[in-house]
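Open the model in your viewer and keep the selection panel at hand. The stops below go one selection at a time.

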Amino acid sequence: MDLTATQQDEAFRARARDWLCANRPAEPAPYDGPVSRTYATDWLARCHKGGWSGLAWPEAYGGQGLPPARLMLWYEEYVRARAPSTLDCTFVALNHAGPTLIARGTDAQKAFHLPRILGGRSIWCQGFSEPGAGSDLAALRATGRVEGDELVVNGQKIWSSYADIADYQELLIRTDPGASRHHGLSWVICDMSLPGITVRPIKNIAGVTHFAEVFYDNVRIPLTEVVGDLNDGWSVAMTTLAFERRTAALALQVELSVKVEDLIRLADAPAGSATSARLSDLRAEAAALRAMTWRTALREPDTPFDGSLVRLAFAELAQEIHRAAMDILGPAALADPRWSHDYLESFSETIAGGTAEIQRNIIAERILAMPREPRA
Ligand SMILES: Cc1cc2nc3c(=O)[nH]c(=O)nc-3n(C[C@H](O)[C@H](O)[C@H](O)COP(=O)(O)OP(=O)(O)OC[C@H]3O[C@@H](n4cnc5c(N)ncnc54)[C@H](O)[C@@H]3O)c2cc1C
């Protein structure tokens, strides 16, 4: 893999740097609620106007059609400029709902939703997990009964990030009552303003409401909102999860290098000390993660399970860096939300998008070809 930057790459990098420097918001992003939505959509709309949204999306769908290496250069400049975290309420739409529609949606679904997503005009959430169906997603029980040209949806989802401020949801439901497990599911676009939907926000350990429970009581969704074929939702969900694990967090992964350098500067540890050694290890781990991130982004053809490797490495390193910040900076870290808030949030990294144990299972079984764990 040749990563030597060409003159055109350098020109692109400089253009990105100049634009970010002139346009990134001065105020930090609010953590939750409608104000966080306004902040994130304003920022995405500004990026879109400047030609900096959907960089890797095909031009036919309003994107810039840039190759993965250019996307990585953008993210490198993005995190260096301390632009708003990409993990905001636009994350689901830009990084996995939109790409899933591009891969599996109908022309009408693409024409309606993709421009709205890129322009920051619609927010999406994901409704996959249920109480009793997280790691074991195929155990999900929410149903969609076909009645004429509609689905009548009943049941409950949980941990649906941004559901309290979202316009649409990636909703995975059981549409064939006679089928079990991975069969008979459908991936449906759910308009969150439909009658019968109740959203109950959940506060996390950091005191913010990133996710919610969602209840469906005879919610009527037109069959035209099914993505992929009716009852073929499992394969569409796997498309979504592949985007979620492989490419959605590229910027966040690169950002950890910046965080480690900030910590090293603040810690000002004497050379040769145990603290200095700990920070050196973190710097090396962040460099390794950055290299893995580039490889994941650039590898052609991609392998479907690469995402689990990089997702696991990211999740565990994020926790280590924030734990080190608490240990090393002490009370100063508590006073600074960039460390204290992010420390509390980092606990969720080894759960969201599939737990660390599940990623290890995937790596063991699918990449290392170790024996599969017993299945029910
Ligand atoms: C911040 C955050 C955001 C999220 N956002 C969303 C969202 O937007 N939409 C959505 O649908 N979901 C979302 N989730 C839910 C997330 O996908 C689930 O929490 C996750 O898949 C784990 O499921 P669970 O919570 O039901 O835990 P369980 O599956 O019950 O797991 C409990 C424990 O058992 C372990 N375990 C389970 N099965 C195995 C196994 N086979 N082998 C080894 N260990 C196992 C797990 O690793 C875990 O430690 C989010 C979660 C978090 C933390």
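Start by selecting Pro195, which is exposed because its relative accessible area is 66%, over the 50% cut-off. In this predicted model, Pro195 sits in the loop between β5 (185-191) and β6 (197-202).

Next, select Asp136 and Arg181. They form a salt bridge, with the closest N and O atoms 2.8 Å apart. This pair links distant parts of the chain: Asp136 is in the loop between β1 (124-127) and β2, Arg181 is in the loop between β4 (168-174) and β5, and 45 residues separate them. Both ends are partly exposed, Asp136 at 34% relative accessible area and Arg181 at 31%.

Move to β2 (residues 143-147) and β3 (residues 150-161). These strands run antiparallel and are joined by 5 bridges. They form a hairpin with 2 residues between them, and Gly148 in the turn has a positive phi of about 65°. Pick Arg145 to find Val152 of β3 opposite.

Which residue forms a salt bridge with Glu77? Select Arg17: the closest N and O atoms of the pair are 2.9 Å apart. Glu77 lies in helix α3 and Arg17 in helix α1 (residues 7-23), so the contact ties together parts 60 residues apart in sequence. Glu77 is buried at 2% relative accessibility, whereas Arg17 is partly exposed at 41%.

Select Glu261 and Arg283 for another salt bridge, 2.7 Å from N to O. Glu261 belongs to helix α7 and Arg283 to helix α8 (residues 274-298), so this pair ties together parts that are 22 residues apart in sequence. Glu261 is partly exposed at 29%, and Arg283 is partly exposed at 42%. To see a network joined by salt bridges that share partners, select Glu10, Arg13, Arg17, Glu76, Glu77, Arg80 and Arg290. The salt bridge count comes to 24.

For the second largest pocket, about 950 Å³ in volume, select Ala56, Trp57, Leu71, Asn95 and Thr247, which lie nearest its centre among 40 lining residues. The elements giving two or more residues to this lining are α2 (33-49), α3 (68-80), α4 (91-104), α6 (233-246) and α7 (250-267). Of these, α4 gives the most, with 6 residues.

Finish with Ile367, Leu368 and Met370, which make a nonpolar surface patch of about 280 Å². Leu368 lies in the segment after α12 (356-367) and counts as exposed at 55% relative accessibility.

How values were computed. Residues are numbered from 1 along each chain as its sequence is written. This is a predicted model: local features need pLDDT of at least 70, side-chain atom pairs count only at pLDDT 80 or more; totals for chains, interfaces and linings use all residues. Side-chain values use heavy atoms; hydrogens and water are left out. Patches are made of residues with over 30% relative accessible area and no salt bridge: like charges are joined within 9 Å, nonpolar side chains (Val, Leu, Ile, Met, Phe, Trp, Tyr) within 5 Å. Accessible areas come from the Shrake-Rupley method with a 1.4 Å probe; for residues, only the protein chains shown count as cover. A salt bridge is a side-chain nitrogen of Lys or Arg within 4 Å of a carboxyl oxygen of Asp or Glu. Helices (H or I, at least four residues) and strands (E, at least two) are DSSP runs, numbered from the N terminus. Buried means under 20% relative accessible area, exposed over 50%, partly exposed in between (1.4 Å probe, protein chains only). Two strands pair if DSSP finds at least two bridges between them. On a 1 Å grid over the protein atoms alone, a cavity is a set of points where a 1.4 Å probe fits but cannot get out, and a pocket is an open set with protein on both sides within 12 Å along at least five of seven lines; lining residues have an atom within 4 Å of a point. Grid points are joined across faces, edges and corners, and a volume is the space filled by probe spheres set on the points.
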